[in-house]
Amino acid sequence: MNSTEADVTREPSSFRDNRGFVFWRGGLPFRQIADAGVADYRLLMSSGLYAELTSRGLLLKHEEVEDADGGLVIKPTVVPFVSYPYEWSFSQLQDAALLTLEIQKTAMRLGLTLRDASSYNIQFIDGRPVLIDTLSFGALNADEPWAAYRQFCQHFLAPLALMATRGFELQQLLRSYIDGVPLSLAARLLPTHAKWRPGLASHIVLHAGFQKKHESTAERPATRVGATQREAVLDSLERTTSGLRAPGNSTEWGDYYNHTNYADAAFEAKKQLVGEALARTGAKVVADLGANDGPFSRVAAAAGARVLSCDIDPVAVEKNYRRVRAEKETAVLPLLLDLTNPSGDLGWANSERASFTKRAAAQTDAVLALALIHHLAISNNLPFEHIAKYFSELAPWLVIEFVPKTDSQVKILLATREDIFPLYNEGGLEAAFCHYYDIIDRLPVTGSERTLYLMKRREVVL
Amino acid sequence: MLHLAYIDPGTGSFVVQAVIGTVLGVSFTIRRQVSALFRKLTGKNKPVATDTAVKSDAGAPKAPVKSDKADGKVDE
């Protein structure tokens with residue numbers, strides 16, 4: 001790396017591994033391979049593992065680049081949008097887990113092993129999970145247990161098991177426990193019936209017990225784990241992981257598209273309206289906030305945009321991802337997002353895992369906010385001006401739907417509470433948003449009393 | 001030995017793998033041999049070490065519940 005270049009910065013989350021690190025140059029990511037990592041990197045490339053994993057789309061591709069200092073630098077394919085496990089649906093986390101195990105099986109077959117099993121090393125690219133850490137591999141030593149076993153259980157198996165048995169909500173433990181859910185905690189939170197399932201009994205409950213038993217052991221016991229034992233553990237992890245089911249009953253997942261209460265014609269008209277508004281923005285990246293299971297994200301995708309399809313409801317995000325997977329969609333990235341409390345800056349020095357706001361603002365061209373404003377302004381008491389300010393920080397364009405008090409959905413929100421929102425009307429919205437945006441167009445939404453606004457961010461806030 | 005571990009693998013996590021691996025090793029080996037025999041008898045030659053594994057095109061490792069055709073849902 002030529003450190004005299006002014007625009008070179010080291011990736012703040014890349015500090016754990018002594019075999020290399022990620023840095024940014026000219027807005028692009030590079031990976032410096034330290035002397036300690038060269039042998040393992042060469043082994044990855046010469047063993048055929050890199051070729052096999054990249055040809056199957058399981059590992060991020062890279063190319064070797066010239067380095068001014070004579071070191072080894074690789075240039076990986078750019079990850080379009082970095083997301084984190086606490087923003088994924090159950091099946092996204094499960095697929096990331098199964099990918100990790102599949103990669104470990106393939107690596108072991110070729111005499112290598114994964115040195116880590118961090119969920120942060122998996123990213124969703126074109127709808128599929130991909131391992132992005134080229135330096136995760138090392139030579140497999142005979143009789144050695146899997147060094148990343150504990151990390152796999154904490155990052156993947158424990159949160160999946162807790163979600164499957166207790167509910168989606170427990171995924172949010174991953175926001176607090178950035179190195180995965182401690183197994184002692186997971187063992188305590190699992191319901192009794194789950195503790196007797198052989199896989200969970202082994203990899204979580206027994207595992208937690210052994211951790212406690214050996215927590216004060218100063219010398220490592222001479223544990224030998226042969227090839228068959230190692231494969232049996234991996235096989236069991238795979239069976240246990242794939243055997244977990246998203247909470248909720250399976251019929252709910254199967255036929256949700258039949259459960260629409262849209263009048264078809266009105267819904268199609270709204271899609272066309274939204275598509276035309278988005279086309280006028282020319283947006284390449286759209287943040288669909290309150291996306292539900294993504295019908296309008298697909299309108300944006302059809303217009304050529306890449307879409308961050310965000311919703312607060314884990315069931316909707318799960319449905320959204322299942323559709324991406326089933327239809328092999330590449331442009332829509334379903335994400336779990338509570339807009340009233342989006343993912344913050346987490347980890348060491350608050351700089352390891354960037355907030356949703358920072359990541360989205362860095363690349364979003366347009367915010368799409370349909371059937372959302374009443375949830376923010378009424379359910380969450382947010383003044384219009386706060387909403388306008390935040391959206392304008394995310395992207396230069398805004399397509400937003402105003403849902404009036406006469407709308408049945410707003411009536412529901414106001415049914416049991418005092419109406420303290422005298423300015424909740426189109427005039428109030430325009431008066432607040434015009435400080436941050438030029439209102440380009442107002443479009444009536446057919447079959448409702450709603451209005452779709454197209455707005456462009458002002459260069460100077462009024 | 002153990003030069004691979006730049007993260008702390010945990011002593012208990014090492015020992016428990018030996019225990020689980022030993023207990024499961026027998027049934028794992030039997031299953032593998034049965035499935036190898038089955039493949040031999042049926043003439044199928046899939047490179048599968050275990051019988052339940054993830055599909056090799058593991059971008060979508062788990063089969064979806066159902067393919068969905070229609071569009072849309074309530075937007076509230």
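In chain A, strand β2 (residues 20-25) runs antiparallel to strand β3 (residues 28-33), and six bridges join the pair. The model is predicted. Two residues lie between β2(A) and β3(A), which form a hairpin. A:G26 sits in that turn with a positive phi of about 60°.

β3(A) also pairs with strand β5 (residues 72-76) of chain A. That pairing is antiparallel too, over three bridges. The table sets out both pairings.

| Strand pair | Sense | Bridges | Residues standing opposite |
|---|---|---|---|
| β2(A) and β3(A) | antiparallel | six bridges | A:F23 and A:F30 |
| β3(A) and β5(A) | antiparallel | three bridges | A:R31 and A:I74 |

Next, helix α4 (residues 149-166) of chain A. A kink of about 35° lies at A:L157. Just past α4(A), A:G167 has a positive phi of about 130°.

Now the domains. Chain A is split into domain 1 (8-76), domain 2 (85-214 + 223-243) and domain 3 (257-457). The C-alpha centres of domain 2 of chain A and domain 3 of chain A are 34 Å apart. Contacts link 13 residues of domain 2 of chain A to 19 residues of domain 3 of chain A. On the domain 2 side, helix α3 (residues 90-109) of chain A gives the most, with three residues. By class, that side of domain 2 of chain A has six nonpolar, four polar and three charged residues.

Technical notes
Residues numbered from 1 in each chain as written. Chains lettered and ligands numbered in written order. Predicted model: local features only at pLDDT ≥ 70, side-chain atom pairs only at ≥ 80, totals over all residues. Pairing = 2+ DSSP bridges. Helix = DSSP H or I, 4+ residues; strand = E, 2+ residues; numbered from the N terminus. Bend = angle between axes of the 7 residues up to and from the residue. Domains from an automatic or database assignment. Contact = placed C-beta atoms within 7 Å. Nonpolar A, V, L, I, M, F, W, Y, C, P; charged D, E, K, R; others polar.
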